[in-house]
Amino acid sequence: MLSDVQTLADHLANLHINYLSYEHAPLANCSVAKEIGLERAGTGLKNLFLRDNYGKQHFLIITLAEKQLDLKALSKQQGISRLGFCSSERLEKYLKVKPGCVSALATFNDDSNQVQLWLDSELMDKKQWQCHPFENDKTWVLQLEDLKVFWAHSGHTPIWVTLPER
């Protein structure tokens with residue numbers, strides 16, 4: 001079952017986390033926002049939900065929207081058997097969102113901590129992050145410091161990684 005936006009908003013309120021909220025046309029991926037000229041505060045992000053070759057490890061990787069990752073080099077760098085994209089079924093099972101709706105906030109739905117959170121080290125100095133609240137027709141902009149509190153409450157410890165580019 002997909003989680004709803006109100007439940008997430010209530011959780012953020014309980015943590016005393018504020019955010020900017022935008023409503024817009026659905027964004028299937030990062031390039032759509034650019035194509036339609038969508039202006040929002042904060043850093044645009046690319047969110048990739050990946051698995052190892054055996055489907056035993058799952059990763060939410062967050063990087064800059066325009067960055068093109070070299071997954072083969074990343075697999076080698078991290079000592080993980082061939083990283084690949086997860087199916088929409090795995091996405092719904094582990095993060096309980098649909099394709100195009102993945103963001104840093106989806107860790108809220110990973111209550112059994114099956115997903116590792118990897119953050120691009122280039123994002124360390126980005127104070128405001130754009131995140132979909134389970135739906136890709138909304139963007140919430142949160143402070144990185146608030147996201148750290150949010151992740152601590154979901155039991156996710158981010159791993160900062162230098163992500164190789166193609």
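Q: How many aromatic pairs does a search of the whole structure find?
A: The model is predicted, so local features need pLDDT of at least 70 and side-chain atom pairs count only at pLDDT 80 or more, while totals for chains, interfaces and linings use all residues. Side-chain values use heavy atoms, without hydrogens and water, and residues are numbered from 1 along each chain as its sequence is written. Rings of Phe, Tyr and Trp (its six-membered ring) pair if their centres lie within 6.5 Å; planes under 30 degrees apart count as stacked, over 60 as edge-to-face and the rest as tilted. On that basis, the number of aromatic pairs in the whole structure is 6.

Q: Is the pair of Phe108 and Phe134 stacked or edge-to-face?
A: The ring centres of Phe108 and Phe134 are 6.2 Å apart. Their planes meet at 25°, so the pair is stacked.

Q: How many residues apart are Phe108 and Phe134?
A: Helices (H or I, at least four residues) and strands (E, at least two) are DSSP runs, numbered from the N terminus. Phe108 sits in the loop between helix H4 (88-94) and strand E5 (115-120), and Phe134 in the loop between strand E6 (128-131) and strand E7 (138-143). The pair thus links distant parts of the chain, 26 residues apart.

Q: Which residue forms an aromatic pair with Phe108 at 6.3 Å centre to centre?
A: This pair is stacked, with 25° between the planes. Phe108 lies in the loop between H4 and E5 and its partner in helix H5 (residues 144-154), so the pair ties together parts that are 42 residues apart in sequence. The partner is Phe150.

Q: Is Phe108 buried, partly exposed or exposed?
A: Buried means under 20% relative accessible area, exposed over 50%, and partly exposed in between (1.4 Å probe, protein chains only). Phe134, at 6% relative accessibility, counts as buried, as does Phe150 at 0%. Phe108 has a relative accessible area of 22%, and is therefore partly exposed.

Q: Which residues do ring pairs link into a cluster?
A: Phe108 pairs with Phe150 at 6.3 Å. The rings of Phe108 and Phe134 have centres 6.2 Å apart. The cluster consists of Phe108, Phe134 and Phe150.

Q: What is the radius of gyration of the protein chain?
A: The protein chain has 5 helices and 8 strands. The radius is taken over C-alpha atoms, and the globule rule is 2.2 Å times the number of residues to the power 0.38. For 166 residues that rule gives 15 Å, and the chain is close to it, so it is as compact as a globular protein of that length, with a radius of gyration of 15 Å.
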